[in-house]
Each structure stands twice: as structure tokens, then as C-alpha cells.
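Please keep the structure in view while reading.

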Amino acid sequence: TTFAAGTNTSTKSEFRIISAFGRLNYDFDQRFLLTAVFRQDAVSSLAEENRKGFFPGMSAGWNIHREAFFENSGLDKYISTLKPRLSYGVNGNVAGLGRYEVQGVYGLQTNYGGAAGFLNTALPNEDLRWEKSKTIDVGLDLGLLNNRITLLFDYFNRKTSDLLTDLTLPSYVGFNTVKTNLGTYQNTG
């Protein structure tokens with residue numbers, strides 16, 4: 001009976017995130033609505049000078065249908081809800097970022113004498129930072145005939161900057177890729 005030689009491997013990694021967030025709502029007479037939010041995150045997978053990210057947001061709405069001038073106009077017989085809305089917010093992302101990519105990645109390599117050693121298998125990049133998406137949304141809620149018919153209109157524009165991407169390097173560098181913040185992406189609708 002023969003047995004195949006097995007290999008034993010082990011890995012250990014750490015990841016920490018600390019977050020703080022808050023929200024403030026304001027409602028004046030069910031006519032004017034305001035919400036402000038904030039979130040701050042710090043992750044261990046980024047270098048210390050880029051570790052923290054601050055992500056604020058706000059939204060506002062105006063229930064025009066609750067105004068005296070609207071009710072006095074007689075339009076409330078046909079239009080039961082009329083609320084323009086506006087919001088803006090920033091989101092952060094570090095998904096897809098390895099835990100130690102800012103330090104570079106090391107691999108175990110055996111040399112010609114059979115001895116093991118470590119070598120860089122990916123370049124370090126201490127300049128990595130949060131990928132950020134900034135979104136603005138303008139909308140209108142419209143209810144007709146005692147809200148039997150409701151229509152929602154929205155326009156949004158989201159621009160993502162500092163995209164976390166793998167940049168392919170030329171073969172003469174000795175590394176295949178490096179993780180970097182590169183470019184922007186825009187989505188509207």
C-alpha cells in the first residue's frame with residue numbers, strides 16, 4: 001500500500017473595522033421634512049493615513065399638498081399628494097480589497113536547494129483609499145384622486161471615484177498586477 005504525501009498549510013489573518021453613525025430627522029408640521037445622516041468607518045486593510053472614511057447624506061421633502069395655499073386653490077380635489085424630494089449621499093467601499101494589499105502579498109517559494117523562502121508576489125500600495133460613490137436624487141411623489149393613482153418620478157446621478165481595480169502591469173516589471181484606485185464610473189437614470 002502506498003500513501004500520497006500530504007501537505008499541511010495554515011493561514012492567519014486579521015481584519016478590524018470600527019464605525020460610528022448617526023441620523024437626525026426633522027418634521028415641521030408634516031410639511032417640511034429633513035433627514036441628515038453620517039457614517040464614519042475605519043478599516044485595518046488600508047494604510048493609517050487613508051484608513052478613515054466619512055460618508056454623509058441628507059434628504060429633504062416638501063409636502064406641498066399640506067400647504068394652505070394648495071388647499072385653498074381647489075387642486076386638492078384632484079391632486080391628493082404632491083411632494084418634491086431631493087437627496088444627496090456618499091457611500092464608501094473597500095470590498096474586494098485584500099487584508100494586506102497595502103503591504104504587498106508574500107508567497108512561499110522553494111529554491112533550487114529545496115529550502116523554503118518568502119518572496120513578494122504582489123506589489124505593495126500604501127496609497128490605496130476608500131472607493132466613494134456620490135449620489136444625487138431628485139424626485140416627485142404624485143397622488144391623484146385621493147391616492148387611487150400614485151406616480152413616482154426620480155432622476156439620479158451616481159458617480160463612483162477612486163475605483164478599486166487590479167491594474168495589469170507589463171511583464172518586465174516582474175509582477176502581474178497591482179491593486180490601485182483608478183478612474184471613475186457614472187450611472188444616471
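Two strands count as paired if DSSP finds at least two bridges between them. The model discussed here is predicted.

**The sheet**

By that criterion, 7 strands form an open sheet, arranged in the order β1-β2-β3-β4-β7-β8-β11 with antiparallel pairing. Strands β1 (17-28) and β11 (184-188) stand at the edges, and each has a single partner strand, so one side of each is left without a neighbour in the sheet. On average, neighbouring strands of this sheet are turned by 10° against each other, direction ignored.

One pairing may be examined in detail. Strand β2 (residues 32-43) and strand β3 (residues 52-62) run antiparallel and are joined by 11 bridges. The bridge partner of L33 in β3 is G61.

**The nonpolar cores**

Which residues make up the largest nonpolar core? This core has 10 residues, namely V43, L46, F55, V90, V94, L97, V102, L128, W130 and L164. Leaving aside neighbours within four places in sequence, L97 is in contact with S45, L46, L128, L164 and K179. A second, separate core has 5 residues, including I64, F70, L82 and L142.

**The salt bridges**

Side chains of opposite charge can pair when their charged atoms come close. A search of the whole structure finds 9 salt bridges, and the table presents some of them.

| Pair | Closest N and O atoms |
|---|---|
| E14 and R16 | 3.8 Å |
| D137 and R85 | 3.9 Å |

In the salt bridge between E14 and R16, E14 is partly exposed, with a relative accessible area of 42%, and R16 is exposed, with 59%.

D137 forms a salt bridge with R85. D137 lies in strand β7 (residues 131-144) and R85 in strand β4 (residues 79-93), so the pair ties together parts that are 52 residues apart in sequence. Is D137 buried or exposed? D137 counts as buried, at 16% relative accessibility, because the limit for a buried residue is under 20%. R85, at 22%, counts as partly exposed. R85 and D137 also belong to a network of salt bridges that links them with D141 and D154.

K179 is buried, with a relative accessible area of 11%, and is among the residues in contact with L97.

Methods:
Residues are numbered from 1 along each chain as its sequence is written. This is a predicted model: local features need pLDDT of at least 70, side-chain atom pairs count only at pLDDT 80 or more; totals for chains, interfaces and linings use all residues. Side-chain values use heavy atoms; hydrogens and water are left out. A nonpolar core is a set of buried Ala, Val, Leu, Ile, Met, Phe, Trp, Tyr and Cys residues joined through side-chain atoms within 4.5 Å. Buried means under 20% relative accessible area, exposed over 50%, partly exposed in between (1.4 Å probe, protein chains only). Contact means heavy atoms within 4.5 Å. A salt bridge is a side-chain nitrogen of Lys or Arg within 4 Å of a carboxyl oxygen of Asp or Glu. Helices (H or I, at least four residues) and strands (E, at least two) are DSSP runs, numbered from the N terminus. Axes are lines fitted to C-alpha atoms, for helices over the stretch in contact, and angles run from 0 to 180 degrees between N-to-C directions.
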